[in-house]
Amino acid sequence: MKTSRLKLAKFIADKSLKSGIKKDFVQEIAAYLLQNRRVGDLDSIMRDVSADWADAGHLEVIASSAHTITPAIEKQIKTKVNQLYPKTKQTIITKILDPEILGGVRLNFANQQLDLSFKAKINKFKQLTMTGKEYN
Amino acid sequence: MLPNISTFGASSSGIGALGFDPKAFVIQLITFILAYFVLKRYAFGPILKVLRERRETIDKGVKLGEQMQKDKAELAAQVETTLQETRVKADEIISASQDSARQIVRAAEDKAKIKAEGVIKSAEERIQQETALARQKLEKEVVGLIADATEAVIGEKVDDKKDIQIIERTLKGIST
């Protein structure tokens, strides 16, 4: 019987929080996913793992930006995240350089996304214009 | 007692001198009378009968001819009357056919008019639909162009410093 995604994510989160993220453990998870043809579930599983980590007080934030994020910005991001998640014990910011977003920043964390990028605004403009609503 | 006829004939004087022979006359008279009776009995009757029959036949023929002329005249009159009636009926039929044909043509014209109006209406609706589609497509393209232009401008104008400033401003603006 197939293990549910949430159970699998809980297992990974618990194991990694207890023992940390080890190479062998990662390989085991990868092998399991391959064997059970669940490689497509990887993104969803990692989101659930992030949520479990956040519940446990360890919040990972993936910050995508078009230009390199300065330490000052990193600090501001941490401050904001701690305001959003007061129970957070540890905030880990993973920085990704993505010129596609043009400018601003996109924050992905714990099953949520805060998209402050120019790309998102332009897409919103397109969407609202096509549906005939005014863009404020 | 007959007079002495021979004396009359033999005489060279009196009536004899004229060449009249009484004897011969009497014989001829008797012969004539006999002939007359014989003819009357055997000839006159049949001849008269034939003549009468012929006359009757001729009379019949004349009457028949007259009757035929009369009948011919009556028939001609009847034919004329019938012809007139037939002409009148034919005129009526033609007139009715023309009316019927006019009605059919009128009905066909009305039908064609309705169909044409339907076709025009469908065409107008289609034009409107296609115009709306074209407008939507154009709007989409314009929006796409604006977005592309905006992206291009942002790519050109927004450098590291400006981007950091914008991020700082945005993060400050997030209400918690």
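This is a predicted model: local features need pLDDT of at least 70, side-chain atom pairs count only at pLDDT 80 or more; totals for chains, interfaces and linings use all residues.
**View 1. The loop around A:Arg37 in chain A.** A:Arg37 lies in the loop that joins helix H2 (23-35) to helix H3 (42-55) of chain A, and this residue has a positive phi of about 55 degrees although it is not a glycine. A:Arg37 counts as exposed because 8 C-beta neighbours are found inside 10 Å.

**View 2. The loop around A:Leu102 in chain A.** Between strand S2 (90-97) and strand S3 (105-109) of chain A runs the loop that holds A:Leu102, a residue other than glycine whose phi is positive, near 70 degrees. A:Leu102 is buried, since 23 other C-beta atoms lie within 10 Å.

**View 3. Helix H4 of chain A and its buried residues.** H4(A) has 14 residues and reaches 20 Å from its first C-alpha to its last, close to the 20 Å expected at 1.5 Å a residue. Its buried residues include A:Ile73, A:Ile77 and A:Val81, which lie on the same side of H4(A) because they cover an arc of only 75 degrees around the axis. The buried residues of H4(A) pack against strand S1 (58-65), S2 and S3 of chain A, together with helix H3 (160-173) of chain B. The face turned away from this buried side carries the exposed residues A:Pro71, A:Ala72, A:Lys75 and A:Gln83.

**View 4. The contact between chain A and chain B.** Here 22 residues of chain A are in contact with 19 residues of chain B. On the side of chain A that touches chain B, helix H4 (71-84) and helix H5 (118-130) of chain A each supply at least two residues, and by class this side has 11 nonpolar, 9 polar and 2 charged residues.

Terms used:
Residues are numbered from 1 along each chain as its sequence is written. Chains are lettered from A and ligands numbered from 1 in the order in which they are written. Helices (H or I, at least four residues) and strands (E, at least two) are DSSP runs, numbered from the N terminus. A residue is buried if 20 or more other C-beta atoms lie within 10 Å of its own, exposed if 12 or fewer, and partly exposed in between; C-beta atoms are placed from the backbone. Two residues are in contact if their C-beta atoms, placed from the backbone, lie within 7 Å. Ala, Val, Leu, Ile, Met, Phe, Trp, Tyr, Cys and Pro count as nonpolar, Asp, Glu, Lys and Arg as charged, and the others, Gly among them, as polar. The expected span of a helix is 1.5 Å times one less than its number of residues. The arc is that of the directions from the helix axis to the C-beta atoms.
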